[in-house]
Each structure stands twice: as C-alpha cells, then as structure tokens.
Amino acid sequence: MTRTEHARKALRERMEKLDGQIDLALKNCGEDEVHDFRVAVRRLSQALRVFAELFPGKEERKMRRALKPALDAAAHVRDLDVDSDLLVRLGLRRDHPLLEKMRRDRERGALGFLGHLYLLRSQGVPQDWLGRLEMLRETEEDAAEHARGLLPPLAAEFFLAGRKAALKPTAAAQLHAFRLSAKRFRYTLEIFAEFYGPAMEKRIGQVREIQGILGKRQDCAVSMQLLEAAASFDAEARAVMQALERRARKLEGEFVRYWRETFDGEGQERLWVRYLARRMPARGAAR
C-alpha cells in the first residue's frame, strides 16, 4: 500500500465515522453522543495533520478549522456533563444553586452545539470531503516504511515531554498540555496500527491510560474554576473544593507512579523506538 492509498483509506474511515456521529448527536444530544462526536473529530483532525503535506495548499487546515466551532461547543457541553457529575460525587447537593446554573448552561450549550452540527450538515461536512481525497498528491512511498520513519521520533518526543511533566506534576497547565500530546500521539499510532503486530494495541492502551489519568486531573481543574467564587462564601462549596484539591493531588501521584514505574521504566523508551522502527511483519502475521 502506498502512502497516498493509506492516507485515503484512513481519512475516509474517519470521515465516515464522524458523519455517523453527527447523525447520532442530532438524534440525541446526550453525554455519550457528545463525547463520541469529540473523539471522532479529534481522530479525523489528527489524521489531517499527519497527511497534511499530501493535500494541495492549505486544504487540510481549512478542513480542521471548519470543525473547530462544533468541537469547542461540544467541549463546553462535555465539561458541564462531567463536572456536574464530579461535584455531586464529591458532596455537592443536587439542588445546589451552582448545579442548577450548570444544568441551565448545559441546555443552552446543547442548543448551540446542535446549531453547529446543522451548519456542518448544510456545508456538506464531512460527506463532501470524501471527494477531496482524490486531490491527494500521489506518491509511491510505501505506507509501512513511512510509519517506520515517522513514529520513532514522535515516541522520543513523547517520552521527553512526559519526563518534564512528571517532574512538576502540580503544574496543571503543563499536565494539560501533556494530556493533549498523549491524545495526538495515541491517534497517530492508531492511524498506522494496521502495519504492526498485536503488541501495538497494548502500547496504544498504555498511552490511553496516561490520557485517562490526566483527563481526570483536568476535570478537577475545570471544576475548581467553577467552584472558586462560591467557595469564598459557601461552606458546602468550600468543602467540595478541598475534596477536589485532594483528588487532584492523588491523580498527580498516580500519573507520576504510572509514568516512572510502568511507561518510562528501565529501557522502555528504547523498546518503544525499536518496536516502531522495526520492519513490519508479513501481512498474515499482522492480521
């Protein structure tokens, strides 16, 4: 398979997946549908970045920009869903004024999100993008060989960024940035997973584990921002704020332990780089 053929295949799969998720979200704007829409957009956006140089001009950037308003709207709704659940689990009563406000904000946010979805549909996104795949520059480069050159440096960069994040686990902004790096790295690995053996799934799962821990830590940060004003005069909100801070410290410790003892244990970076750079197994073995 050439690099161009692989790009068309990977992009087509992700465009069709996003198309289906838009349909589901339009039918029911629930927590799962919003989450799945965001994942579909991020997977497609990362594939567009990976194959950007095969598009003419700045075509891939235009496509990613077209998705951003709906992605931002979905993120707002998702934060309200997750953070309201988290605040209740940590002790905030369900009829607390803050939660009432969050529920109203969620209703308005969902309407805005649906408006962006209808706008995408009116613009033919992403159905009409399937035709643009024929615009990709033709190349005879082997897709598997391309993966061998692309992925090892990305893995080395990921290990470097993770070590920096583990040195200062209380730096919320740095942890959030590393979480986004983990998403991009994971979605890039998924693009090329078909050229590797079964062990690739385990490696992707390890990156997903990091992403999950740091995602929970980021939920704490967003929830604390929501509670900050109320905590200055409301004892109940202040108690939940303290619980959030304890949870954040616990998750930071969990990240550091997993990073140092498992993901970045002795010789792990070398094994990652060697695995990603090795010659691919025969097609039958890969299956």
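This is a predicted model: local features need pLDDT of at least 70, side-chain atom pairs count only at pLDDT 80 or more; totals for chains, interfaces and linings use all residues.
1. Basis. Local features need pLDDT of at least 70 and side-chain atom pairs count only at pLDDT 80 or more, while totals for chains, interfaces and linings use all residues. Residues are numbered from 1 along each chain as its sequence is written, and side-chain values use heavy atoms, without hydrogens or water.

2. Core. The largest nonpolar core has 86 residues. Such a core is a set of buried Ala, Val, Leu, Ile, Met, Phe, Trp, Tyr and Cys residues joined through side-chain atoms within 4.5 Å. Buried means under 20% relative accessible area, exposed over 50%, partly exposed in between (1.4 Å probe, protein chains only). Leu 11, Phe 51, Phe 113 and Phe 255 have the most contacts inside this core.

3. Phe 255. Leaving out residues up to four places away in sequence, Phe 255 touches residues including Gly 162, Leu 175, Phe 178 and Ile 210. Contact means heavy atoms within 4.5 Å.

4. Helix H4. Helices are DSSP runs (H or I, at least four residues), numbered from the N terminus. H4 has 26 residues and reaches 38 Å from first C-alpha to last. Gly 124 follows H4, with a positive phi near 75 degrees.

5. Helix H9. Trp 272, Tyr 275 and Leu 276 are buried in H9 (residues 268-277). They sit on the same side of H9 because they cover an arc of only 95 degrees around the axis, taken from the directions from the helix axis to the C-beta atoms. Arg 270 and Arg 274 are exposed on the face turned away. The buried residues of H9 pack against H5, H6, H7 and H8.

Key. Helices (H or I, at least four residues) and strands (E, at least two) are DSSP runs, numbered from the N terminus. The expected span of a helix is 1.5 Å times one less than its number of residues.
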